[in-house]
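Student: Could you walk me through this model? I would like to start with the overall layout and then go into some details.

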Amino acid sequence: MEIAEKALNYFTDHYEEKLDQYRDFLRIPSVSTDPEHKQDMKRAKDFLMAYLREIGFERVESFVTPVHPIIFAEKSAAIPEAKTLLVYGHYDVQPPDPLDEWISSPFEPEVRNENIYARGASDMKGQVMAVLAAIDAVTKSGELPINIKILFEGEEEIGSPSLGNFISTHRDLLKCDMVLNPDSGMSSPNSPSIIYGLRGLVYFELRIDGPKADLHSGVFGGNVANPAIVLSEIIAKLHNPDGSVAIPGFYDKVLPLTPEEKQKIAGAGNFEAETLKVTGVPRLFGEAGYTPLERAGARPTLDVNGFYSGFIGDGAKTIIPAYAKAKISCRLVPNQEPDEIYSLIQRHIASLIPDTVKATLFKHSSGPAYLAENAPGAKNLAWALSKTWNQPITYKREGGSVPVATTMQHVLGVKSMLTGFGLPDDAIHSPNEKQHLPTWKLGVKALIRFINSFGAPLDI
Ligand code: BES
Ligand code: MN
């Protein structure tokens, strides 16, 4: 208990300093999908490596990949028989667009009303900084009761294309007793969560080419198929009127929800009202026959993420566009297999293409869903969270994707403790992303308690 108290006080005393470091990290525009930010990705990597060294990691290395570097670091416990914790994090962020919508600039963090606003504030630079702040506080206040390994990547927001190979070829390096993955969030500021399921993803792009250049719509309209219309018609055929996905075979392998799990999911708070508030839509819409919480965590979807064709500037221009493009993705659930789903999509879309245009379909990325209860260490984490918030914790399935959790389960054979201190209204991937600082502070304290719970004596 003694050490935990000291570490908690250390964090409280150094809060402003930790917040400054967090701000410095947020200032680096580490947008992984944009080649223009290649150098910023390197800066973000260097920032973390310097921080890890500063807080006493003995081994801090970076590994080159075809896209962005992976960081590995290790810090040993004082006790030889200590357990080993592997912490996962990502230092990349989503693009900040649309820029006009931001109240303060996405890479100039600003604190307003107890929230820090910046791209990555919640997803997940805030969570990475929370873990590092906790490790620092524990180390400065006594002896680290566990060995800690760090695995940070810069490609999570683009589907972790290099990580699978890295994990498979570095099994010994990554050997551990438990995995902490704080790339998720909580349901509300007073309800800390442990996540036992995540959805998978297959992301693809469909391009319809018509005439070899934009055409005068008066001279050619009526004789040439319009790629924007053809693409809209194809997209309209990807769903049934009841909100289900119309791709043949799409639901064949979906793991059905058992009555017990339906009951468990139903207990997890006021999700519908919260979702209406956060999104601002007049009414929710989704697959018939399921509750909003079931749809979000346990049912697959298909969405259009981007849609582009023709003239989108101000004013009017009379053309038939040369092409139309759509970025489309499916969220997957157990036991849908991403490659198999992509084949079904290819086959279905091919059957919908008229012979008046040319179509190109390609895949950006994919990864399977995750489902696993009782990850090693989760009892200690549950205790630390609920002690810190003085609330019972919620166990939930999340709709987002974190491909590494499944990779680690398959390749290293270890389940992950998924948690995080982001909130539903943090606007992750949206303009004005933020992190609620009082929640972040509690998060660091919970992580301090979690790490110390492996040293004796503790009232666990
Ligand atoms: N942190 C999110 C995933 C998440 C969001 C989990 C909310 C739980 C609750 C993660 O960084 C993310 O956004 N991942 C991408 C992955 C994709 C590009 C493969 C996603 O879900 O879109
Ligand atoms: Mn994330």
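Tutor: Gladly; this is a predicted model, and in it the C-alpha centres of domain 1 and domain 2 lie 35 Å apart.

Student: Which residues belong to domain 1 and which to domain 2?

Tutor: Domain 1 takes in 2-198 + 369-455, while domain 2 is made up of 200-254 + 300-367.

Student: And how many residues of each domain are in contact?

Tutor: Nine residues of domain 1 touch eight residues of domain 2.

Student: Switching to the metal, what coordinates the manganese ion (ligand 2)?

Tutor: The manganese ion (ligand 2) is held by His90 through NE2 and by Asp123 and Asp183 through OD atoms, at 1.8 to 2.2 Å, and these donors follow the spacing H-x32-D-x59-D along the chain. Histidine 90 sits in strand S3 (residues 84-90), whereas aspartate 183 lies in the loop between strand S7 (178-181) and strand S8 (193-198), so that the pair, 93 residues apart, links distant parts of the chain.

Student: Is histidine 90 buried or exposed? And aspartate 183, buried or exposed?

Tutor: Histidine 90 counts as buried because its relative accessibility is 1%, under the 20% cut-off. Aspartate 183 has 10% relative accessibility and therefore counts as buried too.

Student: What about helices H2 and H4, at what angle do they cross?

Tutor: The axes of helix H2 (residues 15-26) and helix H4 (residues 125-141) come within 10 Å and cross at roughly 145°, and the crossing is right-handed.

Student: Which residues make that contact?

Tutor: On H2 they are Lys18, Gln21, Tyr22, Phe25 and Leu26, and on H4 they are Lys125, Gly126, Val128, Met129, Ala133 and Asp136; the residues of this contact divide into six nonpolar, two polar and three charged.

Definitions and conventions. Residues are numbered from 1 along each chain as its sequence is written. Chains are lettered from A and ligands numbered from 1 in the order in which they are written. This is a predicted model: local features need pLDDT of at least 70, side-chain atom pairs count only at pLDDT 80 or more; totals for chains, interfaces and linings use all residues. Side-chain values use heavy atoms; hydrogens and water are left out. Donors are N, O and S atoms within 2.8 Å of the metal (3.2 Å for Na, K and Ca); water is not among the atoms, so sites may look incomplete. Helices (H or I, at least four residues) and strands (E, at least two) are DSSP runs, numbered from the N terminus. Buried means under 20% relative accessible area, exposed over 50%, partly exposed in between (1.4 Å probe, protein chains only). Axes are lines fitted to C-alpha atoms, for helices over the stretch in contact, and angles run from 0 to 180 degrees between N-to-C directions. A crossing is left-handed if the near helix is turned anticlockwise from the far one by less than a right angle, and right-handed if clockwise. Contact means heavy atoms within 4.5 Å. Ala, Val, Leu, Ile, Met, Phe, Trp, Tyr, Cys and Pro count as nonpolar, Asp, Glu, Lys and Arg as charged, and the others, Gly among them, as polar. Domain bounds come from an automatic or database domain assignment.
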